[in-house]
Amino acid sequence: MEVPKDQITSLLDHGLYNSAQMLGCFLVSSPAANAESSLHLKTESLVLLGDSFFREKEYRRAINTYKQALQCYKMIPKQAMTSSSRTSLSSTRSSSPSSCNVPVINDNEVKFKIASCHCSLNENKAALVEMEGIPSKARNLTMNMLLGKLYRISRHSRAAVTIYKECLRHCPYALEAIIALAELGSSSKDIISLFPQNPNRSGRTPFDNIDSSRWLQRYVEAQCCITSNDYKGGLDHFADLLQRFPNNVHLLLEIAKVEAIIGKNEEAIMNFEKARSIDPYIITYMDEYAMLLKLKSDYSKLNKLVHDLLNVDSARPEVFVALSVLWERKDEKRALSYAEQSIRIDERHIPAYIMKGNLLLTMKRAEAAVSAFRGAQELRPDIRAYQGLVHTYLALFKFKEALYASREAMRAMPQSAKALKLVGDVHASNTSGREKAKKFYESALRLEPGYLGAALALAELHVIEGRNVDAVTLLERYLKDWADDSLHVKLAQVFAATNMLQEALTHYQAALRLNPQNEAAKRGLERLEKLMKGVDPDAPEEDEDNDVEDADGDQDETDLL
């Protein structure tokens, strides 16, 4: 043969994809490969050429070449294929010279490669068509993982659950499948029951030689707790696992993500930073970390984070969300374009939809914001999506829709204190609903006593109804455990309203020490200093008091969203 086929295989194995691609062109066009009696050689050659395109990320060329290979495969006489069907399914790259003109390719593997190319191009429907063309008995673990992902994207949840369960029967350590099943609503008991129980040759079950089943079961329980909004239970399980596996980057990221969800921002930032100190090149959840840095107004760290992420991989959706966070205060339109780019890269990336919704709401494009928040909420129940929906509907004065969205959140997340608070927020927006709002805020605090957002909302309700002493008592109780600038601002406002100016000054200063960029604290302090000098703060034509209240409202909304 003029062009040795095994040399292309060797080049691919050594990562020399460009050389393999050039050599593949010679192989495919050689007279030997194009002879009518050598369809098997043509088929194999096209697959190898397709592999070289795939490795170089030339996915369109790869798809075209793989499809040509399948066409050649169909043209090979069935008698020859049947006579050696056992050998033809063994490998996609075997180059045995004694194959008797029978193609040594696995057509199901080629279909999988075509599907993988479509996925890389975000053509998920086309990818699903290819994957469904592979018989279930012929699918391996890798194929099933891709099929499960595609079913989730197409919102075929039942089919996705079935496929992910099959993945765990093959390999209980497929942690992606565990997380997916937990998010799809499977219980920890159901997931653990999928783990192999058949004894091996030594008479032990696969987990008996070491206690690996214990930590894996604990991991399953942690993920199921999180998806059912039992955040404390999930954190406890993760903390136990972290004791056994210190400095585990994956666990640190999972813990940080949960801490951010429940409002423990300082702890979340600390764990994100610890994970980055161990592995400075991680990108997973770094957009969540960027959002926390923005809440803290730590723009120097945010700027460095984005710079680092761009140097690691500028094509990941998390990077574009982080860019959106960075540009939000400078150029909202540019920030919005980054959020939309993140969605184009991965249409299931929830933080991108939430970021887009928040930006649209800020830009007074409330109807478009509703669509963005709905996009996030349809992918997975996420409290931030429901919060965005509720606050957008309230901005549109659509109180019925806001109440419906908040109740929808409560049904989706019955153990979530944030969902309860959300219902309270809707009732608090109406004078006649304040008593109901108070009950929901108190219920949220009973469910999650450390939830600062509910405490601040309840304190605000106390102030509106003239119960300033109750507001101070409630807020001071939280000062023992929380170093939070918004907490100090709220206390300062209550003290200022009751003419306790020195106490108000102390708390405004404390807020600015924690966050020098807190606008509510800056304006409140400026107003307070005028009062302390005997100057009427309302004397100028600009109503500074209203500015303080509005800024505080923005602070609360930022905390919610």
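Biologist: Which helix is His507 found in?
Modeller: His507 sits in helix α31, residues 501-514. Keep in mind that this is a predicted model.

Biologist: Is His507 buried or exposed?
Modeller: His507 is buried, with a relative accessibility of 12%.

Biologist: And what is His507 in contact with, leaving aside its neighbours within four places in sequence?
Modeller: Its contacts of that kind are Leu479, His488, Leu491, Ala492 and Phe495.

Biologist: Which residues does UniProt list for "repeat: TPR"?
Modeller: The UniProt entry, which is unreviewed, gives residues 43-76, 350-383 and 485-518 under that name.

Biologist: How much helix is there over residues 485-518?
Modeller: That span is 79% helix and 0% strand. Its end C-alpha atoms lie 8 Å apart.

Biologist: What about residues 350-383?
Modeller: There the chain is 82% helix, again with 0% strand. The C-alpha atoms at the ends are 11 Å apart.

Biologist: New topic. How many salt bridges does a search of the whole structure find?
Modeller: The search finds 28. Side chains of opposite charge can pair when their charged atoms come close.

Biologist: Give me one. What does Lys232 meet in a salt bridge?
Modeller: Its partner is Asp236, at 3.2 Å from N to O.

Biologist: Where do Lys232 and Asp236 lie relative to each other?
Modeller: Both are in helix α15, residues 231-244. They are 4 residues apart, so about one helical turn separates them.

Biologist: Is Lys232 buried or exposed?
Modeller: Lys232 is exposed, at 61% relative accessibility. Asp236 is partly exposed, with a relative accessible area of 39%.

Biologist: Which residue meets Lys301 in a salt bridge?
Modeller: Glu273 does, with N to O at 2.8 Å. Lys301 is in helix α19 (residues 299-312) and Glu273 is in helix α17 (residues 265-278), so this pair ties together parts 28 residues apart in sequence.

Biologist: How does the accessibility of Lys301 count?
Modeller: Lys301 counts as partly exposed, at 37%. Glu273 is also partly exposed, at 26%.

Biologist: And what does Lys522 form a salt bridge with?
Modeller: With Glu519, where the closest N and O atoms are 3.5 Å apart. Both residues lie in helix α32, residues 519-532. The spacing is 3 residues, about one turn of the helix.

Biologist: How about accessibility for Lys522?
Modeller: Lys522 has a relative accessible area of 34%, so it is partly exposed. Glu519 is partly exposed too, at 37%.

Biologist: Which residues are linked in a network of salt bridges?
Modeller: Arg152, Glu183 and Arg380 are linked that way.

Biologist: Switching to cysteines. How many disulfides does a search of the whole structure find?
Modeller: The count is 0. Cys171, for one, is in no disulfide, and the nearest cysteine sulfur, in Cys167, is 9.0 Å away. A pair counts as a disulfide with its sulfur atoms within 2.5 Å.

Biologist: How does Cys171 count for accessibility?
Modeller: Cys171 is partly exposed, at 24% relative accessibility.

Biologist: Where is the closest cysteine sulfur to that of Cys225?
Modeller: In Cys224, at 7.4 Å, which is too far for a bond.

Biologist: Is Cys225 buried or exposed?
Modeller: Cys225 counts as buried, with 14% relative accessibility.

Key. Residues are numbered from 1 along each chain as its sequence is written. This is a predicted model: local features need pLDDT of at least 70, side-chain atom pairs count only at pLDDT 80 or more; totals for chains, interfaces and linings use all residues. Side-chain values use heavy atoms; hydrogens and water are left out. A salt bridge is a side-chain nitrogen of Lys or Arg within 4 Å of a carboxyl oxygen of Asp or Glu. Helices (H or I, at least four residues) and strands (E, at least two) are DSSP runs, numbered from the N terminus. Buried means under 20% relative accessible area, exposed over 50%, partly exposed in between (1.4 Å probe, protein chains only). Contact means heavy atoms within 4.5 Å. UniProt positions are given in the numbering used here, feature names are shortened, and annotations may be inferred rather than shown by experiment.
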